[in-house]
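Trainee: I would like to learn how to read a few structural features. Can we work through an example together?

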Amino acid sequence: MSLSPSSSHHSSFASKPRQEFDLPQEIIDRILDCLTQNAQSDREARQGLFSCLTVSRAFTRRARENLLLDITISDQRWNGEIVLELFKKEPHLVSRLRSFQIQVDELPHYSDLFHNVCHNGVSVTHLAISYGQSQSRGIFSLLLMQRLNRCLSISTPAIYASLTSLKLTRTFYIPIHSFIVPFSRLERLELVRCAFTDSEPAPSVGQVPKDAPSFYQTLESLCIVNEMNLIFRHIYNHWPSESLKYSKLKSLQWSFASQADISKLGHQLVSAPLLENIELTHCSSDSDGQNLDVADSVNIARVPALKTLTLNMITTAHHHNLANMADIKILVSPHLTTTSLQILNINIATYYQHSDLSDFFHGGRSGWKDLDESLADPDLYPNLELVVVEVRLMKIGGGWNSSDHVGMDQFSADRHFTKVFERAREGGRNVTVRMAAKQC
């Protein structure tokens, strides 16, 4: 039977079953993994994976898995419930999970999900928990508490063995023993306004080893922000200080507002022979009950490998004087001996008051007037290469207007670091100093 032209045209374009790729599934999985790993950004990776969902059934499973490598749970209750149901139906997704973050005000609805991830997330390398304003005992603290209870036979969560990065924000009542003992691979630890306790039931016999906690041997980066109950105070109560040596720590960030927050920093410096980068942030407000003398607690000369030091000095209330902040003293004699420091960054953010700035630069409290002499001393700073000072001036009572005048010449590097320049020329040293100010 002959076909009409219309029939012939229709048959040549008839839909055919979608052809699957003639490739082993392992190769397809590897292609999708490389797409995830080699993308320029997370957004680019997700866009590519979403496109792969519709390419072929052979692509769908791995594309979905890689889209769910990193999960963030927010305050919407349905968010956590959907993820929990998904993990129950497809348990392999939990085992491939790479990072898990919870950002909520309270955590009553996510207990099952959290336990699922902790006990089955054998590949989770990053865990972040951020609470809002609630100060109740959260499920992370409760999970750790269960490990302390001798009457419960609870297996060690799988996440303890895989975790390399941990960030806790506003997490309270954390039992110190079960927090620091189990982590065997932790490389980065960040604690933001957390509170620890050692008043919980005593650990089982043999649960607290005589040697230092394992993270002292694995930690490479440590960030402490305004702890309300210092973790290290509890550590020193149970472990001899001579055993607390960081084997790999290279980066330390320490933010503080009171003498109690800074008091244990000196111990961290002494115990970190490989420490290269230190960033200290002093946020001073009108609630400070005392003037802080950092030089009593910090001696950067104790760090033999130190290369870069950043000092951030911030006044958060206009009636708190910058001139009373003594952070600069850690850089000057007699508080300092020879240091390996190469790069020094000083960042100052303060409400603009001419008299306060004058007292800071020329008074005896801050230590600034001795900074030029100390930095110019080749015996104190034989390796110094770069000094950068940035001053941010905030207006009291609102924004700046055309009638406000700030003499920017008072922030000149030539004016504040005369001896550094002179001795650098005399000794043939290559030291660069930059100083700038801006109105914010």
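Trainee: How many disulfides does a search of the whole structure find?
Mentor: A disulfide is a pair of cysteine sulfur atoms within 2.5 Å. Here the search finds zero. This is a predicted model: local features need pLDDT of at least 70, side-chain atom pairs count only at pLDDT 80 or more, and totals for chains, interfaces and linings use all residues. Residues are numbered from 1 along each chain as its sequence is written, and side-chain values use heavy atoms, with hydrogens and water left out.

Trainee: Is Cys223 buried or exposed?
Mentor: Buried means under 20% relative accessible area, exposed over 50%, and partly exposed in between (1.4 Å probe, protein chains only). Cys223 has 6% relative accessibility, so it counts as buried. Cys34 is partly exposed, at 24%. Of the 440 residues of the protein, 47% count as buried.

Trainee: Which residues have the most contacts inside the largest nonpolar core?
Mentor: A nonpolar core is a set of buried Ala, Val, Leu, Ile, Met, Phe, Trp, Tyr and Cys residues joined through side-chain atoms within 4.5 Å. The largest one has 103 residues, and Leu331 and Phe417 have the most contacts inside it. This core draws at least three residues from each of domain 2 (68-201 + 221-231) and domain 3 (250-287 + 295-396 + 410-439). Those bounds come from an automatic or database domain assignment. A second, separate core has eight residues, including Ile28 and Phe59.

Trainee: What does Phe417 touch?
Mentor: Contact means heavy atoms within 4.5 Å. Leave out residues up to four places away in sequence, and Phe417 touches Trp368, Leu371, Asp372, Leu375, Val389, Val433 and Met435. Phe417 is buried, with a relative accessible area of 1%.

Trainee: How is a pair of aromatic rings described?
Mentor: By the distance of the centres and the angle of the planes. Rings of Phe, Tyr and Trp (its six-membered ring) pair if their centres lie within 6.5 Å; planes under 30 degrees apart count as stacked, over 60 as edge-to-face and the rest as tilted. The structure holds seven aromatic pairs. Take Phe361 and Phe411: the ring centres are 6.1 Å apart and the planes stand at 70°, so the pair is edge-to-face. Both residues are buried. Trp368 and Phe417 have centres 5.9 Å apart and planes at 65°, so this pair is edge-to-face. Trp368 is buried, at 4% relative accessible area.

Trainee: Which residues form one aromatic cluster?
Mentor: Phe360, Phe361, Trp368, Phe411 and Phe417.

Trainee: How many bridges join strand E12 to strand E13?
Mentor: Two strands pair if DSSP finds at least two bridges between them. Helices (H or I, at least four residues) and strands (E, at least two) are DSSP runs, numbered from the N terminus. Nine bridges join E12 (residues 343-351) to E13 (residues 386-394), and these strands run parallel. Ala349 has Arg392 in E13 as its bridge partner. Eight bridges join E13 to E14 (residues 432-439), which run parallel. Val388 stands opposite Arg434 in E14. The protein has 18 helices and 14 strands.

Trainee: Where does Leu386 lie?
Mentor: In strand E13. Leu386 counts as partly exposed, at 21% relative accessibility. The C-alpha atoms of Leu386 and Val433 are separated by 5.9 Å, though these residues are 47 apart along the chain.
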